[in-house]
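Dear colleague,

Please find below the structure that I am handing over to you, followed by a summary of what was found in it.

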Amino acid sequence: MIRLGTAGRARGLVLVERSPLRRADPRTKLALSLCASLAVMLPLEKLAAFLGVYALLLLWARLLPTAARQVWRLKWVLLILFVADWLLVDLDLAVIITLRLILLSGTFALFFATTTPAELRLALEWMRVPHRYAFSVSLAFQSVGLLDDEWRAIREAQHARGAWSQPKGWRELPARVRDLVALSVPAVVLTTKRAWSMTEAAYARGFDSPQRRPYRQLALGRLDWFLLAGTAAVAAILILWR
Amino acid sequence: MPSVVSTREAAYRYPQCDYGMAPLSLEIGRGEQWLISGPSGCGKSTLARCLTGLIPHLYHGVLEGEVWLDGLRTTDAPLWQLAERAGLVFQNPAAQMLAHSVEEEIVFGLENLGLPRDTIAQRVEETLAHFGLEAMRGRPPQTLSGGEQQKLALASIIARQPPVLVLDEPLSMLDSTAAAELVDQLAALSGAGRAAVVCEHREEYLHAIPGLRTLRLDGPMPYPAVRPHLWTGHAERNEASRDGATGTFLLEPNPSPLRQAPGGRLEAKGLSVSLGGRPVLRDLSFALEAGQVVAVVGRNGAGKTTLLRALAGLQKHEGSVTCGGARPDFGLVYQNAELQLFNASVREEILFRVPEPDMERYTWLLAALGLARYEQTPPLLLSEGEKKRVALATVLMRRPRHGVLLDEPSLGQDAAHKAMLVRLARELAGAGQIVILTTHDLTLAAQADRLLLLASDGFVAEGVPAQVLHDGAAWARLGLLVPEWVLAPHPAAFSNCPQAGAEARP
């Protein structure tokens, strides 16, 4: 029995509607994320302390499980890097590199689990990114969850036609590589076709119109000002604390 | 009546191909409703793109002649101006969703018109109310059913109020109720003074639109001719198939090499599947004898595909599924056959990893599925219907012991090719295999030996199609309409090793 998902069910980062950060302006969350990313400059002890504080923020924002899942997805990358750094350099470097990646992953989760593609687009446009690029980035962000789904659907579909063997052992490595190619071709084709369909759909609704007027407007609320003040304070501490 | 769309000897050829759309002159007046029909590959989708300006602005082939849209020549006007005059609804609604919520999907097109915010807000509310989408305004479009997505695609175009609406096979993925609802919406457009051009295979539904005009395209011959040595029949009949209306595409291939030992009775007991905590199939128990064609019909989202995946052993489930007392061995052809194709030619695709391939069977399959002329063509360059037939050939070449499972096999197939599939299904059943197909196409379902109606809480009816189709209570419980033309007396040829032409009834 092969345990695979149903095509079309998004598996990417899910929007956490109950998070208080969901109500915050995307620019605030961008500032918060950038500030947290600054902490990668800290030495080991201070980085560990900052991570503790950051975990409290995620706890308040009800994002700790989401961030933990995000880190768990990277477990193999983290493990390989940790072992390689430890063997090739030393344990301190292995720990600090791992903690930095965990921090960046948590930062990613904080922003993308509380921001819709449309909000991301507005934030990018506010930063003077041209509309066509901001739209493309937001669309790509929206489609990320589908990629994992499509990969699984393709694998399952090829099992269904009996095209996939179940090779075991190193001797079957060439067969495994061939299977990977077999998976990649439809994945590339599907992704390209989806991108093209979306391009057609966007242009068919006047995407390139010079008279476009955005419907939604960004506005900073009380929560945003509070968070921005805290972010500025933390950024100052991080810079002075190094 | 002044023309809102005018084509003058317009023809299109795709880059690096010698086919596309044959020269066409057409005048469409305001408020007129047009059906464009014709066999697969005749250029319906190409025409839709020409009429809306996507050709030549996004496609860089050769456009000859002229296309005028509400006073603008499509080669001269920018695409955004053409988009204000003609909206295009595509075949696959899921592929045209651009926003993360239903409301934002409608807003997207209105923002591009440069409308003031209060006008956008007003149009969004009116559109949501008109299409009955208010309750789902915050939902991601990807979570809607196929019918709801198609309704949203139409709503997001109608909200822009273009004088012309072009729809490319809008009914192909819809169940009969959703299709009838969409046709009602289209009929209402005429009263609003909007012209509509609908390119569609399932044209029977559209005859409910008052004053509908029909244009049948023959289209250019897209590929090299059939190799005559593959056939024992009459080569001239192949030309007759080009209009699709006759349905006489099939020549007579050599006698079937599909014979194999009968696979045995399929038995499912207490079959249940949950996806993401949501029960999709609940405690299904049924038995199917070998040697029959079985159609499963249900609304979008009823669990038809999940049932096929469970029978194919691809879906974790509760309960048992056996065939002749053993684990079932079915080949499954997906609704989106592209997922199953990856080789450089149709030949390589069909023969991929088949140990000691039976070349007689291979040649027979090419002929029976109308693929002989595409033998060296990359499968992913074929039309949707052709890709499905290649995927079916790959599955059959593997000789699944118990039969094949076909998910929406008629999608993208014209009448002639549907008839071809029916004939092959008959051959397989005759060879002792079980063929189970899921479909929204009730004319196809009517030709099965057995028809199962699947609702969210299980099967609501099963039996021979002639009986089940007349079981009004079961269809009402399912929430599906049975159009009158499906209930009309059926040609007997299909129930007794049919000939292809029978599909082309009105």
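Chain A and chain B bury about 5,200 Å² between them, 55% of it on carbon and sulfur atoms; buried area is the accessible area (1.4 Å probe) that two parts lose on being put together, summed over both. Of the area that chain A buries against chain B, 20% is supplied by Arg161(A), Arg205(A) and Tyr215(A), more than any other three residues.

This is a predicted model, in which local features need pLDDT of at least 70 and side-chain atom pairs count only at pLDDT 80 or more, whereas totals for chains, interfaces and linings use all residues. Residues are numbered from 1 along each chain as its sequence is written, chains are lettered from A in the order in which they are written, and side-chain values use heavy atoms, without hydrogens and water.

The contact (heavy atoms within 4.5 Å) takes 56 residues from chain A and 64 residues from chain B. Eight salt bridges (a side-chain nitrogen of Lys or Arg within 4 Å of a carboxyl oxygen of Asp or Glu) are counted between the two chains. One of the salt bridges joins the side chains of Glu111(B) and Arg121(A), at 3.4 Å, N to O.

On the side of chain A that touches chain B, helix 6 (117-126), helix 7 and helix 8 each give two or more residues; helices are DSSP runs (H or I, at least four residues), numbered from the N terminus. Helix 8 of chain A gives the largest share, 16 residues.

Yours sincerely
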